[in-house]
Every structure is written in structure tokens, then in C-alpha cells.
Amino acid sequence: MKQQLLFNHLTISQISERKIKKHASDHSLSDTIKIIESSIKNQYESPYASLYCSFDKNLIKTVKNLVEIKKKLQPTVLIVVGIGGSSLGTKAIQEAVLGRYYNASNPPIKIYFAQTVDADKTATIIHVMRSEFIKHNAVLIAVVTKSGTTTETIANFQVLLHLLKTEYPETYHEHVVVITDEGSVLWKLSEQEKFSLLKIPKLVGGRYSVFSAVGLFPLAMIGINIEKLHEGAQKALSTCLQKNILKNPAALSALFQHIHYKNNYTISDLFLFSLDLEGVGQWYRQLMGESIGKEIDVHGKRIMAGITPTVSLGSIDLHSVAQLYLGGPHDKITTFVTVHKTKTDIILPDNEPSLLPYLSGKSFSTIMNAIVDGTKAAYLKHNRPFCSLELPEKNEYYVAQLMQMKMLEMMYLGHLMEVNPFDQPNVELYKTETHRILSK
Ligand code: PA5
């Protein structure tokens, strides 16, 4: 199959090429592109370390070896324990590629995510584990935490580990895979307990880590083609590191957002016309929120700046928030994401009388495309700025392209806004405060 580019279809409304080029040159964006490109040669030893993941052949080998070992246990359930950057990317790819309702379609290994300390959610996971144990099925737990000390993750892990220990008093360690920074407290505990370990390179931050062991191990366990993920990420890198700004979708998207931000458009809506992409939206919210929302800029000046990421789902949200988007304040820009070819299509009968005769014989994809075009027309008429991306299909290759493109976009946006896109000092503060309160 000829692999067509995801970004062929990136179009931007209401902003001229001249303006885009001038903004890029005023902010020396091409210098940053050169720096990022050359930093990939330094592998995991630069702030842009995450971009090296898709070139790391040893990583694929290590992950696949461990998957082979763990598959011998014949697990029917995989529980990913992790929050934020340690689970959002994995969930996004699982839902986009396999479908959001994947667990209902009887796959060989079902996946569950224990993210927060919501007793009702974790109780459901405990129930799932117990049911599998009754059927003599094996359960595997992947604990993912870069720091190794995140409250929610450790709380969930302790509860689920206790269950594992009850079921497999001698061999529980075989059912645990820990993915963390080398040398973290959890790393050390895992060595003592003989849990399988995969490391997260030091400079690969949580929200940029989906193409490291963080995403690769659980995704490979449930049958996602991780080589294709890396292939897609590499393709996005080659496209999005181009010096020609007008052909570089990540740079274009960052410039589009920044130009509008400078004109007080402080909200960026990712409008996804595929329910399976909702997880990508949640992942993107973290990526933008943590990378761009900053109190201090790179010069140490207090700026309290940021673009607020929102996520909308087409066409559902047209029936809820479109009134605000089209009639409310001019403070939002939109990125429409559509899917060219859905996994299935449904055709309406054409031999029966219909309340809406124009629907007879039409396919769902035709109707959805008409809704998308109608929405764009309305945005144009109301002078609401947007850009559009089209995913040819929801497979590993294209979903990885989209996510890698968005990560580069965030690095460019960090440069344009003069903030560090890799730290999250204010999130750390909430974690310290939580530790303090719980330690009283
Ligand atoms: O992007 C980040 O660094 C954070 O959102 C983390 O992913 C999140 O807080 C979880 O941290 P950890 O992986 O250390 O458990």
C-alpha cells in the first residue's frame, strides 16, 4: 500500500503565507528547527531526547523480548497503572488504532487503565482481576511512573499487587512489569522484588514518552505493531523538521497558534471528528497544558502565559458548544482533525421512505464529510480561525505521525512563546503539597 502523507491536507484559514513566513523569521524559528534536527544525533543526551525514541532499534528489541516472555504466562488482562504522561499516550493509541470499544470486542488481551485514586474505578479493576483468577486466567500489571513516587500510581499499585500476591504467592513477581527511571526508588524496589524492568531515558519527559517503553510495552502486549508506530514517528520527523516552513506542518501549526495567541486568541480547540480519537485529545491537552502554560519564561521573567487546550468531538459537540464557538467571544482557534477512511462504513437504505429524503442511500462517511464541510463553512462565515488535518486511516503509522507532529509542534510553540516546553514546575508543587498533607 502506498503510504500517503498525513499532512498533505493541512490547510490554514485566514492567514497569509507572507504573514506566516514573516512571523517565523521574526522569531528565528528556522534556527530552532536546525538545533532540534542536529540534537537527534545526540540520542538521549539532549532536551529533545524523546525524538530519538523512534530510531532506537535496541528499544524495540528489548520490548519485544519482554513481550515474548510475558506472553508465555498467557495473560487475558493487562492493567496499566500510571497517570498523566505515563498512560495518556498509550490509551490514545490503543483507542485510536483498536477502537474505543475494543474491550467489548473480545480481544485476546484486554487492557485496563488505573489512573487516579477513584475507588469505584479501581474496584472495577479489582473485580475484573478476581473474575479472571476464578477462570484461572493470568493477569499482568504494567506499572508506569517516571519518578516512581506518584501518589495515585503507587496507591493503585499497592492495592493490585496485594491481589497478585494472594493469587500467586510464589510467582507474583512474574506478573509485574515496572517502567520507570533507572535508579528511582521504584526501580530499586523492583530489583529486590525481581519485577521485570524497563527504563525511561532520563531526559524523556512523561508527556513526550509514548514512543519509549512507556507506550511500547503495553501496546505491543495487546497486539499493536510497534515498528509501525516508530515508522510513523520517523516519517513525521522528516516532514516536520523541514526548513521550508510552508511545507512543515508542525511549524505551520505552531505559527498559526502563536500568531493568533498574540491577537488574544488564548484557547486552542482540537476538534476531532472520530470518537476513537478522544484519547488523542486528552493526551494533547496534557501536552499543550504542561508544555506551554508557564509562570516563568526562559529569561526568568514572570509571564503567567499559556494557551488553554480544549477538546471537542464531532459531530456530538456541534450540538452542545458550537453555539459558543460560532457566536461567543473571538478567543478560540480550532484544529479540525478528520479521518479519510474509517474502519467500517454504513449505508442507509434507499428503498424505504425517509423522514429526510436527502439521506436515502447515503453512507455515514458521506454524511460526516458533509457535516465537516458545513462546519468549516460556518466557521469561515463567522470569521473563526481554523486549520485542518486529515488522517488517511486510524492505524499505527498515521496515529504515530499525528502524535509525533504534535510533540514537535509543542517544541516549536515553546520556542515562539519563549518558555521551556519540557518542565512542569507548578505540577511538581501540587505533588509536594499532597505528600506533605498525607504525611501529617
Ligand atoms: O508530563 C509529566 O511529566 C507529568 O504529567 C507526569 O506524566 C505525571 O505527573 C505522572 O508522573 P510519573 O510518570 O512520574 O508518575
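**Close-up views of a predicted model**

The model is predicted: local features need pLDDT of at least 70, side-chain atom pairs count only at pLDDT 80 or more, and totals for chains, interfaces and linings use all residues. Residues are numbered from 1 along each chain as its sequence is written, and side-chain values use heavy atoms, with hydrogens and water left out.

View 1. A polar side-chain atom of S86 lies 2.6 Å from a ligand oxygen. For T145, a polar side-chain atom is 2.7 Å from an oxygen atom of the ligand. In E290, a side-chain N or O atom also lies 2.7 Å from a ligand oxygen. Alone, the ligand exposes 380 Å², and the protein buries 92% of that (Shrake-Rupley method, 1.4 Å probe).

**View 2. An aromatic pair.** The structure holds 15 aromatic pairs (ring centres of Phe, Tyr or Trp, its six-membered ring, within 6.5 Å; planes under 30 degrees apart are stacked, over 60 edge-to-face, the rest tilted). The rings of Y48 and F422 have centres 5.5 Å apart and planes at 80°, so this pair is edge-to-face. Y48 lies in the loop between helix 2 (29-39) and helix 3 (57-71), and F422 in the loop between helix 14 (396-417) and helix 15 (425-439), so the pair ties together parts 374 residues apart in sequence. Helices (H or I, at least four residues) and strands (E, at least two) are DSSP runs, numbered from the N terminus.

**View 3. Backbone details in two loops.** The G314 to S315 peptide bond is cis, with omega near -5°. S315 lies in the loop between strand 10 (308-313) and helix 12 (322-327). Q43 lies in the loop between helix 2 and helix 3. Phi of Q43 is near 50°, a positive value in a residue other than glycine.

Note on methods: Polar contact = N/O pair within 3.5 Å; in protein donor to acceptor, adjacent residues only side chain to side chain.
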